[in-house]
Amino acid sequence: MRIGDIDIEPLFDGTGQEDASEIISRFGIPDAWRCHPESFGSDGHWEFPVGGFLVRTGDRVVLVDAGVGPVDADGYRGGDLLVQLRSHGVAPADVTDVLFTHLHFDHIGWATVEDRVTFVNATYRAHAADWEHFVTGAHAVGAAAQKLTPLRKQLELFDGDHVVAPGIDARWAAGHTPGTTVFVLSSGSERAVLLGDVVHSPVQFGEPDWTVVWDVDPQAASAVRNRLADDAAVTGDLLVAAHLPGMRFGRIVVTDGARRFVAI
């Protein structure tokens, strides 16, 4: 995908599998997934990609999210992200920036491996609220702290909206996690928004009150998701997220007042 002068490539690391009835639904109606067999089948078996995105702008080689890493456990299998990166002519040492949309395990997997920093020349960037929530706070997640602490010397925390690099803007979108951030890519008149886990399934674009159990603040996450989707319906901006089928970009189309995501 090309947005003006910016190149964007999805990087597939592997897949995740979950039971839709336990994970994604309408508030208070656990079996609402049955209305969407196109996404969840007849048995609620939900399989989705995990990975990240390679963004090249100017002299910057940027990785947005770092997949689940070299693991095969609990329904998640990763290990392909570095191979995918090399298929685009990029070695780990070439990466100048690693941007985290948030710090859940399936977005930080290649940040370090066995306590060694993977992208040795990169500046790692994360929202301060997520760093506190997952790494340093009173209720920090041990696995996240272990994974991320080795990169501390290469880390820059941010707070709120800011410009990351030419054509890459960070927009704070708290809800899924306290520091969830979307990255807006813009060049000329074209824009694309990397949503992270603001959305997990295309169903959530058409079902305004659906959520996932991983949302730290479900009401805030729903409000952010609907605001971004409504904005994109007006602007025509491209949207993409790592867990959408095929990691494909798409646009929001509104028909008779109902939104839907149309992949391109």
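**Entry 1. Second largest pocket**

I began with the second largest pocket, which holds about 210 Å³ of space. The model is predicted, so I noted its limits: local features need pLDDT of at least 70, side-chain atom pairs count only at pLDDT 80 or more, and totals for chains, interfaces and linings use all residues. Residues are numbered from 1 along each chain as its sequence is written, and side-chain values use heavy atoms, with hydrogens and water left out.

On a 1 Å grid over the protein atoms alone, a cavity is a set of points where a 1.4 Å probe fits but cannot get out, whereas a pocket is an open set with protein on both sides within 12 Å along at least five of seven lines; a lining residue has an atom within 4 Å of a point. Grid points are joined across faces, edges and corners, and a volume is the space filled by probe spheres set on the points.

I found 15 residues lining the second largest pocket, with Val184, Arg191, Arg227, Leu228 and Asp231 nearest its centre. Two or more lining residues come from each of β14 (168-172), β15 (181-187), β16 (190-194) and α7 (218-235). Elements are DSSP runs numbered from the N terminus: helices are H or I with at least four residues, and strands are E with at least two. Helix α7 gives the most to this lining, with five residues.

I then sorted the lining by class: eight residues are nonpolar, one is polar and six are charged. Here Ala, Val, Leu, Ile, Met, Phe, Trp, Tyr, Cys and Pro count as nonpolar, Asp, Glu, Lys and Arg as charged, and the others, Gly among them, as polar.

**Entry 2. Largest pocket**

The largest pocket has a volume of about 540 Å³. It is lined by 24 residues, and those closest to its centre are Phe105, Ile108, Ala143, Ala144 and Lys147. I traced at least two lining residues to each of β9 (112-113), α4 (128-136) and α5 (142-148). The largest share, four residues, comes from α5. By class I recorded 14 nonpolar, six polar and four charged residues.

**Entry 3. Cavity**

I found one cavity of 30 Å³ or more. The largest cavity has a volume of about 60 Å³. Of its 13 lining residues, Phe53, Asp65, Thr101, Gly196 and Ala242 are closest to the centre. Strand β4 supplies the largest share of the lining, three residues. The lining divides into seven nonpolar, five polar and one charged.

**Entry 4. Strand β2 and its partners**

I counted two strands as paired if DSSP finds at least two bridges between them. Strand β1 (residues 2-3) runs antiparallel to β2 (residues 6-19), and two bridges join them. Arg2 stands opposite Asp7 in β2. The hairpin of β1 and β2 has two residues between the strands, and Gly4 in it takes a positive phi near 60°.

I next followed β2 to β4 (residues 45-57), where the antiparallel pairing extends over 12 bridges. Glu18 has Trp46 in β4 as its bridge partner. Strand β2 also pairs with β7 (residues 76-77), antiparallel over two bridges, and Thr15 stands opposite Arg77 in β7.

**Entry 5. Aromatic pairs**

I took rings of Phe, Tyr and Trp (its six-membered ring) as paired if their centres lie within 6.5 Å; planes under 30 degrees apart count as stacked, over 60 as edge-to-face and the rest as tilted. By this rule I counted nine aromatic pairs. Phe40 and Trp210 are stacked, at 6.3 Å centre to centre with 15° between the planes. This pair links distant parts of the chain, 170 residues apart: Phe40 is in helix α2 (residues 37-40) and Trp210 in strand β17 (residues 210-212). Both Phe40 and Trp210 are buried, where buried means under 20% relative accessible area, exposed over 50%, and partly exposed in between (1.4 Å probe, protein chains only).

Trp46 and Trp214 are also stacked, at 6.4 Å centre to centre with 25° between the planes. They lie 168 residues apart, Trp46 in β4 and Trp214 in the loop between β17 and α7. Trp46 is buried, at 3% relative accessible area, whereas Trp214 is partly exposed, at 26%. I placed Phe40, Trp46, Phe48, Tyr76, Phe105, Trp210 and Trp214 in one aromatic cluster.
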